[in-house]
Structures are given as C-alpha cells and as structure tokens.
Amino acid sequence: MDKQSPCQVIGIASGKGGVGKTTVSVNLAVALQAMGKKVMLFDADMSLANAQIALGCRSPYNMSHCLSGEKTLAEVVVTTRQGVQLVPGASGLQEMAALSEVQIGRIVQEFSSLDAQFDYLIVDMAAGISPMVMTLLSACSRRFVVVRDDPSSIADAYGTIKVMMQDHHLDEIYLIPNAVASEPEGRGLYERINQVCARFLGHSVKYLGSIENDELILLALKKFQSVSEYAPGSAGSRDFRRLADLTDNLPRLDQASGGVQFFVERLVQAPA
Ligand SMILES: Nc1ncnc2c1ncn2[C@@H]1O[C@H](COP(=O)(O)OP(=O)(O)O)[C@@H](O)[C@H]1O
Ligand SMILES: [Mg+2]
C-alpha cells in the first residue's frame with residue numbers, strides 16, 4: 001500500500017436529494033475496499049436511505065457522542081460486513097461550532113491518527129448547499145458531484161458547482177452522471193454541464209465516470225446490501241468497480257490540499 005500520500009478525502013454532493021449520493025458513496029466505498037484499499041465512510045446525511053441502511057449495519061452511537069467526549073472515535077465507528085469503517089455523523093455536526101479548544105484538540109488528534117490507517121475517507125453529504133454542506137465540501141480534498149439527466153438535477157448540480165467555485169474557490173470537482181442509459185450518454189451529460197461551467201464560471205469540471213440506470217442497485221438497497229454483494233455480475237456492480245478504479249488512478253493529493261487532519265481542522269474551525 002502506498003502510504004506516501006495522505007488519506008484522500010472525497011466529498012460526494014449533488015445539490016438535489018434522491019440523485020444517488022448515498023448510492024455512490026456506499027458502493028464506491030465498498031468497491032475501493034474490495035480492491036484492497038482501506039476505506040472510511042463518513043455519513044453526513046441522516047435522511048431515509050442513509051449509509052447505515054445501505055450497508056446493512058447499525059450503530060448505537062454517532063459523532064455527537066464523540067464530540068461530547070462520551071465515546072472515543074474508535075467506539076463510534078462501526079465496521080461493516082464489507083470491511084468499510086463507517087462513522088455515523090450527522091446529528092453531531094452542528095455541535096462542532098461550540099467545541100472548546102481542548103475538545104477541538106482531542107477530536108483533531110483522534111481523526112488525524114486515522115490518516116496512517118486509511119487510503120480513502122468518503123463523505124456522504126446531505127442534500128442542498130447549506131453552510132454545513134459547504135464547510136464539509138471545502139474540507140475535502142476532492143469533490144464528486146452526482147447528477148442525473150433531468151432538468152432539476154442538472155440545475156442543482158450546476159448551482160452547487162457555482163457556489164463551490166465562486167464563493168469557496170474550490171477545484172478538484174468531478175462529475176458522476178448517475179442512472180444514465182449508457183456511458184456515452186453519461187459523458188454527453190458531463191459535456192453539456194461542463195460547457196456551461198466553462199462559459200459562465202470560467203472554470204471546467206472534470207469527468208470521472210458514469211453509472212448506468214440499473215434496477216438491481218435499487219433492489220440491493222432494499223436488501224441492505226451493496227450492489228456488488230447483491231448482484232456481482234450486474235451493470236451497476238461493473239460500473240462501481242470501474243468508478244473505484246478511476247478514483248484510485250487520480251493523482252494523489254498531498255497533505256497541503258488534503259488528508260484527514262486538514263479535513264477535521266477545517267470542520268472544527270469553521271465559523272458557526
Ligand atoms: N444508478 C442507479 N440505478 C437505479 N437506481 C438508482 C441508481 N442510483 C440510485 N438509485 C436509487 O435512487 C434512490 C435515491 O438514491 P440515494 O443514493 O439515496 O440518493 P441521495 O443520497 O442523493 O438522496 C435510491 O432508491 C437508489 O437505490
Ligand atoms: Mg443520501
């Protein structure tokens with residue numbers, strides 16, 4: 001394992017809900033883990049189809065127990081069947097703004113010790129572009145924007161990209177067209193969105209890879225499984241394997257633009 005570079009922290013956003021953020025977060029995490037990478041998944045959304053459901057696990061604790069000092073980070077984290085380590089996050093996140101210096105020091109230290117243990121930290125965002133979502137996205141080293149080929153998803157993806165670029169000066173933004181009919185159609189959707197970004201925002205977004213519309217992805221979720229467990233031979237499983245490969249082939253980002261320490265420092269030091 002190449003641990004020359006820090007843990008790569010990837011935020012999964014979309015703007016709109018129901019587009020496939022959790023699906024991509026969970027299945028990408030499982031596919032990277034299956035490649036032999038060490039993956040941690042941070043659930044920053046607690047809406048219905050959340051990461052715990054999708055991975056078929058349940059945690060009695062979440063980040064708020066860790067922030068309050070009742071539990072250590074290690075006690076809050078659950079190991080899923082697939083070997084992915086899951087941090088149930090959301091309900092504690094707002095409390096980060098109220099932490100004392102001592103608490104901040106402890107949290108930063110607990111998270112930073114993860115850097116050596118993990119290759120990837122994947123952050124599943126809530127819908128929308130709330131300050132919390134933008135703080136999380138800014139703290140990540142890379143951002144993947146999930147988009148479907150429908151007008152409201154495209155508008156919301158563009159809106160999210162615009163805020164990331166113009167208000168937060170973020171780069172390393174990649175599109176993942178989801179639930180598309182084919183890879184060429186996904187690439188076409190990327191090209192349409194990128195043209196608008198280049199023209200009106202003056203910056204390009206990058207293309208990562210597409211995920212086909214596959215009913216087995218939906219059925220897998222209903223069985224609390226990743227698609228690779230539920231239907232290893234499916235198009236969805238193939239696409240997530242490819243997505244994991246593409247992700248792992250991206251240039252490694254160094255400590256200055258990433259890593260777990262950078263991530264958690266940005267989170268706990270964000271203005272309330
Ligand atoms: N590529 C796909 N093909 C078929 N169904 C999908 C696909 N991606 C997501 N879904 C389904 O769409 C629904 C919403 O996905 P989800 O990941 O929960 O969205 P979000 O996290 O953005 O709210 C889920 O029922 C999921 O199974
Ligand atoms: Mg979700």
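A polar side-chain atom of T23 lies 2.6 Å from an oxygen atom of ligand 1. K21 also puts a polar side-chain atom 2.8 Å from an oxygen atom of ligand 1. T22 uses its backbone instead: one of its N or O atoms lies 2.9 Å from an oxygen atom of ligand 1. The protein covers 87% of the 570 Å² of accessible area that ligand 1 has on its own. (Polar contacts are pairs of N or O atoms within 3.5 Å; within protein, one must be able to donate a hydrogen and the other to accept it, and residues adjacent in sequence count only if both atoms are side-chain atoms. Accessible areas come from the Shrake-Rupley method with a 1.4 Å probe; for residues, only the protein chains shown count as cover.)

This is a predicted model: local features need pLDDT of at least 70, side-chain atom pairs count only at pLDDT 80 or more, and totals for chains, interfaces and linings use all residues. Residues are numbered from 1 along each chain as its sequence is written, chains are lettered from A and ligands numbered from 1 in the order in which they are written, and side-chain values use heavy atoms, with hydrogens and water left out.

Which residues are closest to ligand 1? They are G18, K21, T22, T23 and N178, from a total of 18 that surround ligand 1 (a heavy atom within 4 Å). Four elements each supply at least two residues of this shell: helices α1 (21–34) and α9 (215–222), and strands β7 and β9 (211–212). (Helices, H or I with at least four residues, and strands, E with at least two, are DSSP runs numbered from the N terminus.) The space taken by ligand 1 is the largest pocket. (On a 1 Å grid over the protein atoms alone, a pocket is an open set of points where a 1.4 Å probe fits, with protein on both sides within 12 Å along at least five of seven lines; a molecule sits in one if more than half of its atoms lie within 2 Å of its grid points.)

Helix α9 has features at both ends. At its start, a side-chain oxygen of D214 reaches to within 2.9 Å of the backbone nitrogen of L216. Just after α9, F224 takes a positive phi of about 60°.

Now the rings. The whole structure holds 4 aromatic pairs (Phe, Tyr or six-membered Trp rings with centres within 6.5 Å; planes under 30 degrees apart are stacked, over 60 edge-to-face, the rest tilted). One of them, F42 with F111, is tilted, at 6.4 Å centre to centre and 50° between the planes. F42 lies in strand β2 (residues 39–43) and F111 in helix α5 (residues 101–112), so the pair ties together parts 69 residues apart in sequence. F42 is buried at 0% relative accessibility, and F111 is buried at 2%. (Buried means under 20% relative accessible area, exposed over 50%, partly exposed in between, with a 1.4 Å probe and protein chains only.)

F144 and Y174 make an edge-to-face pair, 5.7 Å centre to centre with 75° between the planes.

Last, the loop between α7 (151–167) and β7, where H169 is found. H169 has a positive phi of about 50° although it is not a glycine. E172 is found in the loop between α7 and β7 too, and its phi is positive, near 55°. Is each residue buried or exposed? H169 is exposed, with a relative accessible area of 66%. E172 is buried, at 15%.

Methods:
1 Å grid on protein atoms, 1.4 Å probe; cavity = no way out; pocket = protein on both sides within 12 Å on 5 of 7 lines; lining within 4 Å.
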